[in-house]
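Open the model below and keep the sequence beside it.

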Amino acid sequence: MATDYYAVLGVRRDAGQDEIKKAFRRLARELHPDVNPDPKTQERFKEINAAYEVLSDPQKRQVYDLGGDPLSPNGGGAGGFGAGAAGFGFSDIMDAFFGAATGQRGPRSRTRRGQDAMIRLEITLEEAAFGTTKELQVDTAVTCTTCSGEGAAPGTSAQTCDMCRGKGEVSQVTRSFLGQVMTSRPCPQCQGFGTVVPTPCPECAGDGRVRARRTLTVKIPAGVDNGTRIQLAGEGEVGPGGGPAGDLYVEIAETSHAVFQRRGDDLHCTVTIPMTAAALGTQVPLQTLDGLEEVDIRPGTQSGQSIPLHGRGITHLRGGGRGDLIVHVEVQTPTKLDPEQEELLRRLSMLRGEERPSGQFAPGQQGLFSRLKDAFNGR
């Protein structure tokens with residue numbers, strides 16, 4: 001015989017949660033082991049705790065009211081949950097009574113949050129460096145103005161479903177080896193909403209939203225890079241039933257520049273100069289992001305050297321300051337000389353004692369993988 005949990009707490013079978021909680025607290029104060037250490041009283045204290053555990057949980061209470069005992073080792077008790085249910089835990093019985101989705105009870109709401117959306121936005125290197133403001137044309141779902149998101153035609157409204165009586169689900173009692181089993185499933189007539197729309201809105205077909213093109217103004221902060229995403233809260237798709245809109249993400253796509261290559265917040269470019277300019281030094285005009293500047297090529301500059309222009313790169317996205325502009329020098333050796341030019345170079349080589357240079361040899365430069373290979377081979 002299953003324990004009468006209602007009698008243990010001294011409440012009626014139709015008692016509400018407040019009444020059950022009040023009865024448990026009163027008995028707990030009287031029977032707590034710290035107040036009354038008598039062994040029989042301790043057993044009674046365990047009984048009221050078990051009774052409260054079952055009756056305070058709506059799902060366990062419903063199982064108990066249908067004849068089961070959620071606290072029984074086999075989930076059984078009176079009313080067909082005896083030895084035949086051996087090997088089944090409480091979760092198995094809950095699934096049998098309420099279906100797999102026991103946590104989703106009652107009607108579903110027609111109003112739900114909309115989906116997030118994403119759009120790619122191309123910007124120039126200059127715009128990425130200093131920031132800009134752009135206007136975007138966005139096609140998203142917006143609230144239907146005809147029905148204000150309700151989904152019903154003007155002058156009409158949603159009505160309570162006559163099949164489930166607004167519960168959003170229908171129940172069925174069947175007999176099985178567990179005894180009488182109650183199963184619940186979404187109402188097929190209202191799809192679990194608890195209401196039906198007899199006359200849907202002709203503009204949105206009952207969805208409460210329509211597609212429309214909007215114009216948004218987006219502020220692009222200085223320092224963004226390829227793949228940077230800017231979140232615009234509440235500018236995404238409006239949800240069904242006029243629900244709150246999701247977010248819109250603007251993904252930055254930076255177009256390539258004719259002169260500069262970006263690496264992080266630094267910019268790189270290459271300037272090619274003749275060998276005479278590298279030997280004697282010169283100044284080369286360069287159109288930077290900040291305007292025209294003269295790049296100072298010092299006498300004796302070698303091919304491959306770099307000249308930094310500090311603070312001429314990209315603005316740091318987080319924090320102040322900017323990156324650098326690195327100018328890489330490439331010295332160009334003439335391939336064709338006329339007789340006069342050749343004579344001048346010969347005279348120069350004689351003056352510098354370089355008619356037959358011996359050259360300076362050094363081990364060839366190795367790449368990273370070659371150095372790793374030599375390290376593994378013990379060289």
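V54 is buried, with a relative accessible area of 0%. V54 sits in helix α3, residues 39–55. Helices (H or I, at least four residues) and strands (E, at least two) are DSSP runs, numbered from the N terminus. Leaving aside neighbours within four places in sequence, V54 is in contact with Y5, K60, R61, Y64, P70 and L71. Contact means heavy atoms within 4.5 Å.

A word on provenance. This is a predicted model: local features need pLDDT of at least 70, side-chain atom pairs count only at pLDDT 80 or more, and totals for chains, interfaces and linings use all residues. Residues are numbered from 1 along each chain as its sequence is written, and side-chain values use heavy atoms, with hydrogens and water left out.

Now the overall picture. The secondary structure comes to nine helices and 15 strands. Of the 379 residues in the protein, 34% are buried. Among contacts with a separation of 6 or more, 62% join residues 24 or more positions apart.

Where do the nonpolar side chains gather? In soluble globular proteins, nonpolar side chains tend to be buried together. The largest nonpolar core here has 21 residues. A nonpolar core is a set of buried Ala, Val, Leu, Ile, Met, Phe, Trp, Tyr and Cys residues joined through side-chain atoms within 4.5 Å. The residues with the most contacts inside this core are F260, I273, L286, L325 and V327. The elements that give two or more residues to this core are α6 (125–130), β11, α7, β12 (282–288), β13 (291–297), β14 (306–309) and β15 (325–332). A second, separate core has 18 residues, including Y5, A28, I48 and L55.

Follow strand β15 to E330. At 41% relative accessibility, E330 counts as partly exposed. Not counting residues up to four places away in sequence, E330 touches T270, V271, T272, I273 and S303. The C-alpha atoms of E330 and T270 are separated by 6.9 Å, yet these residues are 60 apart along the chain.

P274 lies in strand β11, residues 266–274. P274 is partly exposed too, with a relative accessible area of 41%. P274 touches V331 and Q332, again not counting residues up to four places away in sequence. P274 and Q332 are 58 residues apart along the chain, and their C-alpha atoms are separated by 4.8 Å.

Next, the largest pocket. About 430 Å³ of space lies in it. On a 1 Å grid over the protein atoms alone, a pocket is an open set of points where a 1.4 Å probe fits, with protein on both sides within 12 Å along at least five of seven lines; lining residues have an atom within 4 Å of a point. Grid points are joined across faces, edges and corners, and the volume is the space filled by probe spheres set on the points. The largest pocket is lined by 14 residues, of which M275, A279, L348, R352 and E354 lie nearest its centre. Helices α7 (275–280) and α8 (339–351) each supply at least two lining residues. The largest share, five residues, comes from α7. By class, the lining has seven nonpolar, five polar and two charged residues. Ala, Val, Leu, Ile, Met, Phe, Trp, Tyr, Cys and Pro count as nonpolar, Asp, Glu, Lys and Arg as charged, and the others, Gly among them, as polar.

What about the cysteines? The structure holds zero disulfides. C161 is in no disulfide; the nearest cysteine sulfur, that of C187, is 3.7 Å away. A disulfide is a pair of cysteine sulfur atoms within 2.5 Å. C161 is buried, at 1% relative accessible area. The sulfur of C190 is 3.7 Å from the closest cysteine sulfur, in C164, too far for a bond. C190 is also buried, at 2%.

Last, two backbone angles. R165 has a phi near 60 degrees, a positive value in a residue other than glycine. R165 lies in the loop between β3 (159–160) and β4 (169–176), and at 70% relative accessibility counts as exposed. Q191 has a positive phi of about 60 degrees although it is not a glycine. Q191 lies in the loop between β5 (179–186) and β6 (195–196), and is partly exposed at 47%.

Note on methods
Buried means under 20% relative accessible area, exposed over 50%, partly exposed in between (1.4 Å probe, protein chains only).
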